[in-house]
Amino acid sequence: MREPEIIYQAIQELQKRQQATEATRQQEMIAEHSSDIFRKAKDPLAGNLSGDITLVEFFDYRCGYCRSMVSGLQQLIDSDQKLRFVFKELPVLGPDSIVAARAGLAAAKLDQAKYYDFHVALMQSKDLDRDIILAIAIKQGYDRDQIAAEMDQDWVKTRIAENQALAEKLGISGTPSFVIGKTLIPGAVDLTKLAQIISDERKAAN
């Protein structure tokens with residue numbers, strides 16, 4: 001009681017140790033599940049599909065922070081011609097999130113070339129009702145019946161469950177969350193900082 005700053009310092013030190021332990025655990029999990037994170041078949045993609053650096057985003061279409069980053073991420077993908085971008089559907093904000101996630105996965109499988117514009121359109125939509133999602137799909141050049149049927153396929157439901165399990169293993173508790181190399185970046189991140197992390201990862205790989 002005479003020296004409360006000692007307790008404060010001890011708590012700070014404990015927090016630092018816990019953060020370091022969690023960071024090490026996350027790196028181990030990323031290494032163990034790298035193929036599922038970076039190279040999972042049927043994952044939606046953007047950017048250079050053969051790029052030298054892969055950035056993965058776990059996201060939810062109803063997540064305000066995810067939506068706030070769309071424009072910046074578009075600029076990043078457009079400006080970095082060697083960046084490969086992987087989208088991991090992680091619907092955590094209710095039934096509409098799940099419907100939108102299923103539509104995104106279905107769209108990527110049916111026509112990867114049209115997927116990114118569809119993704120951005122969903123991110124910009126105020127309403128994610130199924131009929132509105134299908135209307136957006138039509139505007140992006142998809143066949144309504146095809147995408148509606150694909151959304152209900154078992155593989156789509158399985159993939160969402162797999163993404164949720166993977167996120168849990170990595171310690172991801174919210175969206176957006178990013179993975180690059182062996183690094184997990186939780187939450188919305190400044191795009192300048194994200195570009196620097198990509199640059200650092202590229203230098204380390206060479």
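Start with the aromatic rings: across the whole of this predicted model, a search turns up 6 aromatic pairs. Select Phe-85 and Phe-87 to see one of them. Their ring centres are 4.8 Å apart and their planes meet at 45 degrees, so this pair counts as tilted. Both Phe-85 and Phe-87 are buried.

Like Phe-87, Tyr-116 is buried.

Now widen the selection to Phe-59, Tyr-61, Phe-85, Phe-87, Tyr-115 and Tyr-116: ring pairs link these residues into a cluster.

Pick Lys-42 together with Trp-155, and you will find the lysine over the ring face, 4.7 Å from the ring centre. Then move to Lys-114, which lies over the face of Tyr-142 at 5.7 Å from the ring centre.

For the last stop, show strand E4 (residues 177–180) and strand E5 (residues 183–186), which pair in the antiparallel sense over 4 bridges. Click on Ser-177 and look across to Pro-186, its bridge partner in E5. Where is the positive phi in this hairpin? Zoom in on the 2 residues between the strands of the hairpin, and check Gly-181, which has a positive phi near 60 degrees.

Notes
Residues are numbered from 1 along each chain as its sequence is written. This is a predicted model: local features need pLDDT of at least 70, side-chain atom pairs count only at pLDDT 80 or more; totals for chains, interfaces and linings use all residues. Side-chain values use heavy atoms; hydrogens and water are left out. Rings of Phe, Tyr and Trp (its six-membered ring) pair if their centres lie within 6.5 Å; planes under 30 degrees apart count as stacked, over 60 as edge-to-face and the rest as tilted. Buried means under 20% relative accessible area, exposed over 50%, partly exposed in between (1.4 Å probe, protein chains only). A charge sits over a ring if NZ of Lys or CZ of Arg is within 6 Å of the ring centre and within 35 degrees of the ring normal. Two strands pair if DSSP finds at least two bridges between them.
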